[in-house]
Amino acid sequence: AEGCDTGPDNHGPKSWHIMDRVMIPSDIPVGEYVVSWRWDAYMADQMWTGCADVQIVSTPTPASAQSSTCPPTPSSRPTEVRPPTNPVAPVSSQPTTPKTCVDLPLGGNWGGGGAYNCDTYEDHGGDSYCAHSEIREGCCFCDGGYVVVDPTSSPVESSSAPSGAPVAVEPPVADTVMYLAALGIKSKLVNNGDKFKPKVSVAIKDIGKDALRGVEITLAWNMTKSNGTIKQGEVVATTKGKKGKTSKFKFPKVSADGTLGVRLISMEKDGYQYNVDLNKKDKESRCRYFSLECPLITIGVDGAYPINPSLSNP
């Protein structure tokens, strides 16, 4: 069909292939044979079979050709190994702090609302799932996840020989991470439909997917009025409650034919570090909210506009 792609290189996210090799016994009689093949897929309820007609013939190797391909006789005298003329002195290094990789929570269908995590896919298919960006970025077994300093471990000294006086090493600081886990955007018509009032709420979680309360979030907004002038300002809200959600940010009313642009200025809580790389992704663009690629959210009378990663901050 016209819409079908052809060839093995057009299939699979990494265009990889699996090949089986058959070892034929050297004493098998010449003749005609049938080779059967069966593959039971371990990641799907599928079974593939195939067969082929083959013919085995005798191909004796001439004696002259055999002698010409013999490798030279190795020397019985071992090669003398000499020490280096300029040995390199061992170099001392700073102690290193042990680090731990933490799996990120999986969103969408991959996470199944919390029913599935990285362990699920590592046990079910392993590296095969690393072809999918959500698994590759979020799971440690795919070299993804998030690396944190282990506050319970002591620094490890280098195995190289020390040189000079010992160097004092600061104790490791616990790397506690928070991120934007949910974003809600709505618009409510007011003033008999002449204007709308934007409503934005967010939820913040830590690396263990626990809701965080007491996170102060500052958003900047800007809008163009009907006379062409630009109005801008900032709004602040703090997360609270069991789900760690903010109360509604207090934005100004916007003309029904206008828009409001919103950017994240700061996210602060004592003892926590904000990591934008863990923020929730927009469903359409798959771009993380308030990231460097998608820093701006535009709100209209019907709610949030589609995010365009090619647009930068105004």
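How many aromatic pairs does the structure hold? The structure holds four aromatic pairs, where rings of Phe, Tyr and Trp (its six-membered ring) count as a pair if their centres lie within 6.5 Å, with planes under 30 degrees apart called stacked, over 60 edge-to-face and the rest tilted. This is a predicted model, in which local features need pLDDT of at least 70 and side-chain atom pairs count only at pLDDT 80 or more, while totals for chains, interfaces and linings use all residues. Residues are numbered from 1 along each chain as its sequence is written, and side-chain values use heavy atoms, with hydrogens and water left out.

**Aromatic rings**

**Salt bridges**

The structure holds four salt bridges, each being a side-chain nitrogen of Lys or Arg within 4 Å of a carboxyl oxygen of Asp or Glu. The table lists some of them.

| Positive residue | Negative residue | N to O distance |
| Arg286 | Glu134 | 3.1 Å |
| Lys281 | Glu137 | 3.2 Å |
| Arg288 | Glu137 | 3.3 Å |

Salt bridges that share partners join Glu134, Glu137, Lys281, Arg286 and Arg288 into one network. Arg286 lies in the loop between β12 (273–274) and β13 (297–300) and Glu134 in helix α4, so their bridge ties together parts that are 152 residues apart in sequence. Lys281 sits in the loop between β12 and β13 and Glu137 in helix α4, so that pair connects parts 144 residues apart, and Arg288, in the loop between β12 and β13, is 151 residues from Glu137. Lys281 counts as buried at 13%, as does Arg288 at 19%, whereas Glu137 counts as partly exposed at 37%.

**Surface patches**

Patches are made of residues with over 30% relative accessible area and no salt bridge, like charges being joined within 9 Å and nonpolar side chains (Val, Leu, Ile, Met, Phe, Trp, Tyr) within 5 Å. Val22, Ile24, Val35 and Val54 make a nonpolar surface patch of about 330 Å²; Val35, in strand β1 (residues 31–40), is partly exposed at 34%. A positive surface patch includes Lys186, Lys197, Lys225 and Lys243, and β6 gives the most to this patch, with three residues. Lys243 is found in the loop between β8 (230–240) and β9 (245–246) and is exposed, with a relative accessible area of 61%. A negative surface patch is formed by Asp119, Glu122, Asp123, Asp127 and Asp143, of which Glu122 is found in helix α3 and is partly exposed at 39%.

Terms used. Areas by Shrake-Rupley, 256 points an atom, 1.4 Å probe, with all protein chains shown as cover. Helix = DSSP H or I, 4+ residues; strand = E, 2+ residues; numbered from the N terminus. Buried < 20%, exposed > 50% of the residue type's maximum accessible area, 1.4 Å probe, protein only. Lys, Arg positive; Asp, Glu negative; His and termini not counted. Charge placed at Lys NZ, Arg CZ, Asp CG, Glu CD.
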